[in-house]
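Good morning, and thank you for joining. I would ask you to look at the sequence and the model on the screen, and then to follow me through a few selected places.

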Amino acid sequence: MHIAYLLTGGNLGDREATLAKAKDLIALNCGPILSESPLYETEAWGIEDQELFLNQALKIRTELSAPLLLEEILRIEKQLGRVRQIKYGPRKIDIDILFFDHEVIHEPGLTVPHPHLQTRRFALQCLFDIAPGLVHPLFDKTITRLLAECTDPLKVYKLG
């Protein structure tokens with residue numbers, strides 16, 4: 001069994017409904033969700049002139065290897081209407097693997113830990129809520145410390 005941390009997000013359509021459906025499909029096809037962050041509304045990263053995103057971090061237990069988990073995630077994204085057109089552009093759903101156990105993976109199409117995690121406040125904030133003491137295997141820093149050191153100026157708002 002493996003523990004994986006995922007980040008779901010999207011800024012098109014009914015964002016809350018899409019993230020809820022993604023969570024259901026992840027639980028069904030990847031493994032049980034052990035914990036989840038609140039939903040956060042976040043400014044867009046990369047191409048900033050677009051609608052606000054909703055994001056949520058999930059901790060799951062899975063029997064899938066990291067490459068098989070990625071395959072399943074890509075299937076879920078496609079099932080939910082993900083169309084890859086513009087890098088960092090608007091999208092209905094995005095699901096990223098942030099961590100997989102404490103592994104460091106560099107394979108074509110799969111890099112774990114997520115290579116930009118430490119520079120993205122929205123991802124760190126979501127992850128902080130479910131795993132503040134989790135240690136990044138490359139930087140040997142907790143999520144709490146990475147969030148405190150993050151210089152990303154984009155705003156992150158907790159829903160509710």
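Let me begin with the naming of elements: helices (H or I, at least four residues) and strands (E, at least two) are DSSP runs, numbered from the N terminus. The model is a predicted one, in which local features need pLDDT of at least 70 and side-chain atom pairs count only at pLDDT 80 or more, while totals for chains, interfaces and linings use all residues. Residues are numbered from 1 along each chain as its sequence is written, and side-chain values use heavy atoms, with hydrogens and water left out.

Rolling a probe the size of a water molecule over the atoms shows where empty space is left. A cavity here is a set of points, on a 1 Å grid over the protein atoms alone, where a 1.4 Å probe fits but cannot get out; lining residues have an atom within 4 Å of a point. Grid points are joined across faces, edges and corners, and a volume is the space filled by probe spheres set on the points. How many cavities of 30 Å³ or more does the structure hold? The structure holds one, and the volume of the largest cavity is about 40 Å³.

Which residues line the largest cavity? They are Leu 7, Asp 96, Leu 98, His 114, Leu 117, Arg 120, Phe 122 and Ala 123. Strand β5 and helix α3 (121-130) each supply at least two residues of that lining. By class, the lining has five nonpolar, one polar and two charged residues. For this count, Ala, Val, Leu, Ile, Met, Phe, Trp, Tyr, Cys and Pro are nonpolar, Asp, Glu, Lys and Arg are charged, and the others, Gly among them, are polar.

Now to the two elements themselves. Buried means under 20% relative accessible area, exposed means over 50%, and partly exposed lies in between (1.4 Å probe, protein chains only). Why is β5 (residues 94-100) described as largely enclosed by the rest of the structure? Because seven of its seven residues are buried. Strand β1 (residues 2-10) runs antiparallel to β5, and six bridges join them; two strands pair if DSSP finds at least two bridges between them. Ala 4 has Phe 100 of β5 as its bridge partner. Helix α3 is mostly covered, with seven of its ten residues buried; among them are Phe 122 and Ala 123.

Next, the backbone. Most residues other than glycine have a negative phi, and most peptide bonds are trans. In this model, the peptide bond from Val 112 to Pro 113 is cis, with omega near -5 degrees. Pro 113 lies in the loop between β7 (110-112) and α3. His 116 also lies in the loop between β7 and α3, and is partly exposed at a relative accessible area of 31%.

Two aspartates have a positive phi. Asp 101, in the loop between β5 and β6 (105-107), has phi near 50 degrees and is partly exposed at 25% relative accessibility. Asp 140, in the loop between β8 (135-136) and β9 (141-142), has phi near 55 degrees and is exposed at 62%.

What of the residues around β8? His 136 lies in that strand and is buried, at 1% relative accessibility. A polar atom of the His 136 side chain lies 3.1 Å from the backbone nitrogen of Leu 138. Contact means heavy atoms within 4.5 Å; beyond four places in sequence, His 136 touches Phe 99, Pro 113, Leu 117, Gln 118, Lys 141 and Leu 146. Pro 137, in the loop between β8 and β9, is partly exposed at 31%. Leaving aside neighbours within four places, the contacts of Pro 137 include Phe 99 and Pro 113.

Finally, Glu 41 in strand β3 (residues 40-42). Is this residue buried or exposed? At 19% relative accessibility, Glu 41 counts as buried. The side chains of Glu 41 and Arg 15 are joined by a polar contact of 2.8 Å. Such a contact is a pair of N or O atoms within 3.5 Å; within protein, one must be able to donate a hydrogen and the other to accept it, and residues adjacent in sequence count only if both atoms are side-chain atoms. Outside four places in sequence, Glu 41 also touches residues including Leu 52, Phe 53, Lys 155 and Tyr 157.

Note on methods:
1 Å grid on protein atoms, 1.4 Å probe; cavity = no way out; pocket = protein on both sides within 12 Å on 5 of 7 lines; lining within 4 Å.
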